[in-house]
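Let's take a friendly walk through a protein fold. Have the structure open beside you as you read.

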Amino acid sequence: ETLDKGLEKSKSTFFSKLGKAVAGKSKVDDQVLDDLEEVLVTSDVGVKTTIKIIERIENRVSKDKYLGTDELNHILREEIAALLSETNTGEATDFVLPKDKKPYVLMVVGVNGVGKTTTIGKLAYQFKKKGFKVVLGAADTFRAAAIDQLQVWADRVDVPIVKQEMGSDPASVAYDTLQSAVSQDADIIIIDTAGRLHNKINLMNELTKVKRVMQKVIPDAPHDVLLVLDGSTGQNAFEQAKQFTAATEVTSLAVTKLDGTAKGGVVIGISDQFKVPVKYIGVGEGIEDLQVFNKYEFVDSFFK
Ligand code: GDP
């Protein structure tokens with residue numbers, strides 16, 4: 001129900017446009033395929049992934065074959081879900097803490113403004129609600145505001161935060177955070193990092209250093225590198241995904257602000273093109289507005 005509400009805007013445009021492209025159509029002709037293609041591209045699915053989806057549909061149904069709308073909807077649904085499955089996108093369930101990975105280190109990357117801090121706050125809230133002991137690390141030290149904002153979330157969720165003054169070495173903050181978390185017997189550590197895309201080499205060096213220093217405390221850290229992308233920014237989100245995946249090994253994605261965009265298709269394109277699963281989606285500014293991404297709910301909401 002929250003998913004429906006959160007994705008209202010996408011639903012009323014992208015999703016219903018998809019539905020409309022096939023509604024009332026009884027055969028898969030060039031017109032239907034062109035309409036679908038246009039809806040996908042204008043909804044930020046991206047050209048490459050759009051072509052792939054269209055090809056999959058063409059491979060499944062013979063051209064000009066008569067089909068009911070329901071059947072066409074069904075095929076579209078299945079093909080999009082299958083595409084998402086290739087990267088395990090939307091297959092995540094609730095977080096389970098692996099026994100041998102305590103404390104679990106979640107490193108969060110992404111540029112300023114995409115909703116990184118908010119996503120960390122929402123995650124901390126969810127983890128804490130499930131009974132996990134969470135510690136935050138403010139290793140995005142470039143802007144004072146980033147540290148202050150994370151402190152606000154730490155207070156709101158009531159979890160400890162490790163921070164230093166602005167301009168301090170991110171790796172040093174990360175190191176302190178891991179040490180502190182280990183000594184507190186914490187379950188999950190969330191490290192905020194790299195809020196700026198200066199140049200690729202700097203970004204890579206900074207993230208590599210943070211990882212290397214964390215490994216002095218916890219040898220297999222980080223266990224997850226979560227890239228936060230703003231789903232309402234289309235091409236920018238694609239570009240950021242490209243830069244961050246080139247700079248470090250990104251293991252999962254959170255796509256934010258899907259409540260404020262008509263372009264929910266970005267989830268499909270990004271997970272397909274970067275081969276990284278979308279695990280979470282942000283559907284509002286509130287503390288509860290972060291969802292474990294479920295591809296079946298997502299795809300089903302296209303056609304409601
Ligand atoms: P950061 O600079 O990446 O840390 O970004 P913030 O976490 O400070 O978020 C920037 C703005 O986006 C804030 O006003 C947030 O409330 C807002 N925001 C974050 N996530 C979402 C979301 O899923 N939906 C909406 N509508 N707003 C969001």
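## Two cis prolines

Proline 222 lies in the loop between H9 and S5. Here H stands for a helix (H or I, at least four residues) and S for a strand (E, at least two residues), both being DSSP runs numbered from the N terminus. The peptide bond that leads from alanine 221 into proline 222 is cis, with omega near -5 degrees. Another cis bond runs from lysine 102 to proline 103, again with omega near -5 degrees. Proline 103 sits in the loop between helix H5 (69–85) and S1.

Before going further, a word on the model: it is predicted, so local features need pLDDT of at least 70 and side-chain atom pairs count only at pLDDT 80 or more, while totals for chains, interfaces and linings use all residues. Residues are numbered from 1 along each chain as its sequence is written, and side-chain values use heavy atoms, with hydrogens and water left out.

Most residues other than glycine have a negative phi, and most peptide bonds are trans. Where does aspartate 185 lie? Look in the loop between helix H8 (170–183) and S4.

Strands of a sheet pair through backbone hydrogen bonds, either parallel or antiparallel. In this model, eight strands form an open sheet in the order S3-S2-S4-S1-S5-S6-S7-S8, with mixed pairing. Two strands count as paired if DSSP finds at least two bridges between them. At the edges are strand S3 (161–162) and strand S8 (290–292), each of which pairs on one side only.

Strand S1 (residues 104–109) and strand S5 (residues 224–230) run parallel and are joined by four bridges. Within this pairing, methionine 107 has valine 225 of S5 as its bridge partner.

## Helices across the sheet

Helix H9 (residues 200–214) lies across S1, S4 and S5, running at about 170 degrees to S1. Such angles run from 0 to 180 degrees between N-to-C directions, and the axes are lines fitted to C-alpha atoms, for helices over the stretch in contact (heavy atoms within 4.5 Å). Helix H6 (residues 116–129) lies across several strands, including S1, S4 and S8, and runs at about 175 degrees to S4.

## How H4 packs

Two packed helices are described by the angle between their axes and the distance between the axes. Helix H3 (residues 30–42) packs against helix H4 (residues 47–60) at about 150 degrees, with the axes 9 Å apart. H3 and H4 are therefore roughly antiparallel (an angle over 145 degrees). On the H3 side the contact uses Leu33, Leu36, Glu37, Leu40 and Val41, and on the H4 side Thr50, Ile53, Ile54, Ile57 and Glu58.

H4 also packs with helix H11 (residues 266–274), at an angle of about 95 degrees and with the axes 9 Å apart. That makes these two helices, H4 and H11, roughly perpendicular (65 to 115 degrees). Lys48, Thr49, Lys52 and Ile53 of H4 meet Ile268, Gly269, Asp272 and Gln273 of H11.

## An annotated stretch

The unreviewed UniProt entry places the annotation "domain: SRP54-type proteins GTP-binding" on residues 277–290. Over residues 277–290 the chain is 0% helix and 43% strand, with the end C-alpha atoms 16 Å apart.

Technical notes:
Angles under 35 degrees count as roughly parallel, over 145 as roughly antiparallel, 65 to 115 as roughly perpendicular and the rest as oblique. UniProt positions are given in the numbering used here, feature names are shortened, and annotations may be inferred rather than shown by experiment.
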